[in-house]
Amino acid sequence: MNGWKNGVELIAVSKLYGNTYAVRDVSLAVREGEFLSVVGPSGCGKTTMLRMISGFAVPDSGEVRIGGEPMKGVPVRERRVGIVFQNYALFPNMTAYENVAFGMEAQNWPKARIENKAAELLEMVGMGDRAGAYPRQLSGGQQQRVALARALAIEPRVLLLDEPLSALDAKVRNTLRFEIKRIQRDSGITTVYVTHDQEEALSISDRVALMRGGMLEQVGTPAELYAAPVSEFAADFIGVNNILRGTYLGEGRFAWNGRVFVVEAQRESRQATPRGTAPGPAAMTVRPERLVPAGLDLKDRRVDPFNVLEGKVVGKVFLGPLTRVALSVDGEMLLMDILSAAGEPLNVGDPLKAYFDASDAHLL
Amino acid sequence: MLRRAFTVCLILLYFSFVLAPILLMMIGSLGEKWFGTLLPTGFTLDWYAQLFRKAMYVRAMTMSLWIAALTVVIDGAISILTVYAVHVLGSRRIRAIFDFCLLLPIAIPPVVMGLGMIQAYNWKGFSLVGTWQLLLGAHIVYTLPFMMRPLMANIEMIRWSTLEEACVSLGASLWTTIRRVLIPNLLPGVVSGALMTFAMSLGEFQLAVMVTGSRSQTFPVVLYQAFYVSTGFACAATALLILTSLLSLVGLALLGRSFSEEIAGS
């Protein structure tokens, strides 16, 4: 198959620790050059999965392939995987340059080639002028840049990153996130990125694999995961969501707390067809930014009179461009994001009507 | 004010208990006569001259330095390998057993250990008792915990398991990993362990007096005998041991520092 030269495949892979599955029956394919993130709450098996790709953990069943070759029995040092660790793991006794050169020296590359490659990589990660610095002289973000250069130096077939940014502060995290993406795009290396931060995963990945309890919950592009979660867990974990539990009545009607909403997509929608087309207990999700204050800018929208929620503002958080408002409707709390600049400022206790379009409601 | 007075008192106490006896020895080694007076009278270097003229003392000092140096080297080699193995392979249980074993040489008095060694290595026709090799073995067992402990702390501080994973993923062999990453990063622990074990071995008396014979006596053993010769002579012998010990420790510390700088700079 095309595009598998340096791809990664997991085929029905399981890993047991004691009597519990750390990873259970996971099948996943990462195409060559693809940036795939694995997200999930702690203990969901994402790190174990990464360790099985690198070879530090051996699957109890199933198969790992890199570049189409089965990795069973292939030791870590022969797999040619570049690893970036959460705590940087730079060698304290070596300078940035020596750290980057280490892998190439261990593999006996010619000296001139090592020097060129190390200098080039340090330049690429923006550490060209700190080549002679020891890890203790570098900030966390700088250390992680050097660690990235070190991992790429051996020209790995796959780049594996294990929570590389979680030890850094927010500002550095955000810039480094896009640096990693840029470097990955430029080098075209197949990348598996493990993180517990769904926002991070959504912002840099080609595809995201969501894990839960050792199993894959959903795999798709960031937009797919955001717009069409397959489960309440996915809906809740990815982004911020309102989950309304009620009953699907059939024919695009959803009953919740004595109200009936129109939920069937009226026009061509980016989301997949709702799963629960059979009537019965169901959940409906609607993103906070899809809840619009009714009466503010509804003139050019086709207001469906059904999809209006009347409630009271019980809290608000200023997020910069947006203000997140907690709206109490019949005792249940819904979140809505309103442009901070729009209209009169809302106060806690104000009555507020919220409207959502039928195509923005997602049925589970 | 009261706190300050208290601190001053403590410092004075420290001086009078720790430094004063050492100082008195130094002074005594230079005095001609020291009998019935608070401080010795006269000035002479003769005690030192006598000390260096007596083959027994010179040989004992050489033996002490030899055994202390070997103890440090062998302690270091054993400890690096052991600490590495326990850290990498060790489960919680193994680590607990290891910690307990480390306590044993500290918990068992040297006299007991010495008696045990005599019992264990003294058979008809074959006896290790009286050889310097047996004393070396005894000193290694006795000082090993003091090399292991700083190394154990060291390897945990550098988070070795992740560093080793980094090495392996970069394609480094075990030998390259140990030589270029493990040993250089354990050097601070080795240096502090070496200072401790060298000093312990050099000054150790109980094991030495039980295990050694006339040809393998170490300096502390002959020093004890020196007190039967004369006060001035004994003081000179003591002063020599203190000076040798201090100089060796300073030398070791400097060596360790230049070594780690060299590795860092290579």
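Okay, let's start in chain A, with an open sheet of five strands in the order E15-E19-E16-E17-E18, paired antiparallel. Strands here are DSSP runs of E, at least two residues long, and helices are runs of H or I, at least four, both numbered from the N terminus. Two strands pair if DSSP finds at least two bridges between them. At the edges stand strand E15 (292-293) and strand E18 (332-339) of chain A, each with a single partner strand, so one side of each has no neighbour in the sheet.

Before I go on: this is a predicted model, where local features need pLDDT of at least 70 and side-chain atom pairs count only at pLDDT 80 or more, while totals for chains, interfaces and linings use all residues. Residues are numbered from 1 along each chain as its sequence is written, and chains are lettered from A and ligands numbered from 1 in the order in which they are written.

Strand E16 (residues 308-318) and strand E17 (residues 322-329) of chain A run antiparallel, joined by six bridges. If you want one to click on, Gly315(A) has Ala326(A) in E17(A) as its bridge partner.

There's another open sheet of five strands in chain A, also antiparallel, in the order E13-E12-E11-E14-E20. Its edge strands are E13 (259-262) and E20 (362-363) of chain A, each pairing on one side only. Inside it, seven bridges link strand E11 (residues 242-250) of chain A to the antiparallel strand E14 (residues 280-286) of chain A. Arg245(A), for instance, is bridged to Ala283(A) in E14(A).

Now the helices. In chain A, H2 (residues 96-106) packs against H3 (residues 111-124) at about 130°, axes 9 Å apart; axes are lines fitted to C-alpha atoms over the stretch in contact, and angles run from 0 to 180 degrees between N-to-C directions. So H2(A) and H3(A) are oblique, the label for whatever isn't under 35 degrees (roughly parallel), over 145 (roughly antiparallel) or 65 to 115 (roughly perpendicular).

Who touches whom? From H2(A) the contact includes Tyr97(A), Val100(A) and Met104(A), and from H3(A) Ile114(A), Leu121(A) and Leu122(A) among others, contact being C-beta atoms, placed from the backbone, within 7 Å.

Last stop, chain B. Pro21(B) sits in helix H1 (residues 2-30) of chain B. Buried or exposed? Exposed, because Pro21(B) has 11 C-beta neighbours inside 10 Å; the cut-offs within 10 Å are 12 or fewer for exposed, 20 or more for buried, and partly exposed in between.

Notes. Contact = placed C-beta atoms within 7 Å.
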